[in-house]
Amino acid sequence: MSPSGGRFDGRVALVTGAGSGIGAACAARLAAEGACVGVLDVRAAGAKATAAAIRGRGGTATALTCDVSDEKQVVAAVAELLASYGRLDVVHSNAAALGRDVYGRDHHLETLDADVWDRTMAVNVRGAMLLVKHAAPRMADGGAFVLTSSVSGLTGDLDHAAYGTSKAALTGLVRYVATTYGARGIRCNAVAPALVLTDAARLALGPDRLADKEAERLLPWACAPEDVADLVAFLASEEARCITGQTVVIDCGTLAHRPEHALHQWRLAPP
Ligand SMILES: NC(=O)c1ccc[n+]([C@@H]2O[C@H](COP(=O)([O-])OP(=O)(O)OC[C@H]3O[C@@H](n4cnc5c(N)ncnc54)[C@H](O)[C@@H]3O)[C@@H](O)[C@H]2O)c1
């Protein structure tokens with residue numbers, strides 16, 4: 001691990017929501033390419049497990065327990081990371097409220113509990129803003145933010161209006177961050193996945209909804225957390241030095257077609 005010549009050798013990265021799923025894969029990827037990684041999650045056990053797995057493979061990582069919606073905790077987490085490694089170059093804001101208590105109650109707009117809306121916005125949007133607010137001033141040598149959005153922020157649906165609206169807000173935040181910090185050499189982009197096969201997605205959607213979503217993609221393979229990590233690492237790297245303010249869709253073709261055309265194709269040639 002940490003091979004010389006890695007794209008993030010000598011760099012320090014912070015990944016939120018890194019205790020499982022996409023965030024864990026992204027933290028592992030950045031570490032594999034040489035970064036010292038702050039593995040942040042509201043679940044201490046998850047953060048510790050991801051950090052331990054990285055260290056077990058020879059990488060450098062520290063676990064940070066933090067609720068990204070709490071400004072004091074975000075300030076403390078950024079300070080702890082800086083105290084450990086002395087600099088900050090990459091921030092991947094990936095945490096989202098996906099539990100049964102929030103995403104699991106994000107149903108039809110007419111029956112939506114306003115508390116579900118507020119908590120979704122607090123974690124998914126306010127959390128991303130707080131990270132930028134407290135990390136950007138500490139990036140002394142340029143840097144890159146990557147936010148995890150979703151195709152749910154680019155489309156409408158009959159449920160998950162709070163979640164989808166929170167992800168749409170990130171498209172705006174990306175542009176504001178890119179504009180605010182561009183002159184300092186700090187870039188900001190978002191990744192917008194469709195279905196990624198994580199435990200959280202399987203649990204939140206259930207087998208029927210999962211099968212429906214699987215049927216939406218054009219490619220025969222599904223998107224894994226490691227596929228998102230490839231894109232995040234690219235956007236965070238010098239190879240993407242001319243890309244900022246963008247939301248990049250990674251969806252195996254889910255948004256590239258009209259739904260009825262896909263259904264038609266599946267009827268003509270079932271898999
Ligand atoms: N899995 C998918 O199909 C999919 C699709 C599109 C977008 N996304 C996005 O990808 C990201 C990761 O999703 P995932 O599927 O890996 O889910 P996940 O549940 O495995 O990861 C989310 C992590 O965020 C953490 N978290 C929740 N609230 C937090 C808070 N207040 N502070 C800090 N950490 C907190 C959780 O503990 C969890 O470890 C999310 O932003 C999600 O919206 C996922």
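Colleague: What space lies in the second largest cavity?

Modeller: A cavity is a set of points on a 1 Å grid over the protein atoms alone, where a 1.4 Å probe fits but cannot get out. Its volume is the space filled by probe spheres set on the points, with points joined across faces, edges and corners. Here, the second largest cavity holds about 30 Å³. This is a predicted model, where local features need pLDDT of at least 70 and side-chain atom pairs pLDDT 80 or more, while totals for chains, interfaces and linings use all residues. Residues are numbered from 1 along each chain as its sequence is written, and side-chain values use heavy atoms, leaving out hydrogens and water.

Colleague: Which residues line the second largest cavity?

Modeller: Lining residues have an atom within 4 Å of a point. In this case they are Ser93, Asn94, Ala95, Asn124, Thr148, Lys167 and Leu170. By class, that lining has 2 nonpolar, 4 polar and 1 charged. Asp, Glu, Lys and Arg count as charged; Ala, Val, Leu, Ile, Met, Phe, Trp, Tyr, Cys and Pro as nonpolar; the others, Gly among them, as polar.

Colleague: What about open space: which residues lie nearest the centre of the second largest pocket?

Modeller: A pocket is an open set of points with protein on both sides within 12 Å along at least five of seven lines. In the second largest pocket, Arg11, Gly143, Ala236, Ser237 and Glu238 lie nearest the centre, out of 16 lining residues. The space is about 260 Å³. Its lining has 8 charged residues, with 4 nonpolar and 4 polar.

Colleague: Now the ligand. How many residues surround it?

Modeller: A residue counts as near if one of its heavy atoms lies within 4 Å. Here 29 residues surround the ligand, and the closest are Ser20, Asp41, Asn94, Tyr163 and Thr198. The shell divides into 15 nonpolar, 9 polar and 5 charged.

Colleague: Which side chains put a polar atom 2.7 Å from an oxygen atom of the ligand?

Modeller: A polar contact is a pair of N or O atoms within 3.5 Å. Ser20 has a polar side-chain atom 2.7 Å from a ligand oxygen. Asp67 places one 2.8 Å from a ligand nitrogen. Thr198 has one 2.7 Å from a ligand oxygen. Alone, the ligand exposes 810 Å², and the protein buries 91% of that (Shrake-Rupley method, 1.4 Å probe).

Note on methods. A polar contact is a pair of N or O atoms within 3.5 Å; within protein, one must be able to donate a hydrogen and the other to accept it, and residues adjacent in sequence count only if both atoms are side-chain atoms.
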